[in-house]
Amino acid sequence: MLHKTKFIILSFLILLIAKPAFASQFNFSGSVLNPNLSGYKTISLNQFKGKAVVVNFWATWCPPCRAEIPLLERFYQAYKSHNVVIIGVNVNVTEAGVKRFLDKYGVKYPVIHATPRIMRKFGPIAEIPQSFFFNRQGKLVFHWTGELPGMVLQDVVDKILGGK
């Protein structure tokens, strides 16, 4: 088990070094859905240069998505003062239930609705959840499909921050 864990971590580190040529295509913007979130009305990926950014695609009806929301919220609260931003991109068809969900679960990181334009920019989002990690220069450095383990979230963000 320890050998498998070391292999996974090494694989993540190798992927973090790669600089995808298409990363500059990932800018997007959207209106924030969180009903009680102060400080954000609209967001754009460009406004977070200098910060580590995690973009997480999810839906209220997706069990793995619902399972990782508390992890993302705890991580956001612990790391937002360390130049880390989490942006949720919700793929529900309508926004009304999403707003109630965010309020009920106290999600404080900004969440926007996935428009067709945003979906095209991130390539086919055939399954959720999916998380995209951007470095301080706004370049995509890592992509994870499936429920995000806390160890992966921690390790990738720490690598982006330079070993925080």
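I looked up Gly88 first: it stands opposite Val111 in S5. This is a predicted model, so I keep that in mind throughout.

Next I checked the whole sheet. It is open, has five strands in the order S5-S4-S3-S6-S7, and its pairing is mixed. S5 (111–113) and S7 (140–145) are the edge strands, each pairing on one side only. From one strand to the next, I get an average twist of 20°.

Strand S6 (residues 130–134) runs antiparallel to S7, with five bridges between them. Ser131 faces Trp144 of S7 there, standing opposite it. The hairpin of S6 and S7 leaves five residues between the strands, and in it Gly138 has a positive phi near 85°.

Helices now. H2 (residues 63–79) lies across S3 (52–58) and S4, and runs at about 155° to S4.

Which residues of H3 (residues 96–105) are buried? I found Val98, Phe101 and Leu102. Looking down the H3 axis, I see its buried residues fall within an arc of 95°, so they line one face of the helix. The buried residues of H3 pack against S3, H2, S4 and S5. On the face turned away from that buried side, I noted Arg100 and Lys104, both exposed.

Definitions and conventions
Residues numbered from 1 in each chain as written. Predicted model: local features only at pLDDT ≥ 70, side-chain atom pairs only at ≥ 80, totals over all residues. Heavy atoms only, no water. Pairing = 2+ DSSP bridges. Helix = DSSP H or I, 4+ residues; strand = E, 2+ residues; numbered from the N terminus. Axes fitted to C-alpha atoms, helices over the stretch in contact; angles between N-to-C directions. Contact = heavy atoms within 4.5 Å. Buried < 20%, exposed > 50% of the residue type's maximum accessible area, 1.4 Å probe, protein only. Arc of directions from axis to C-beta.
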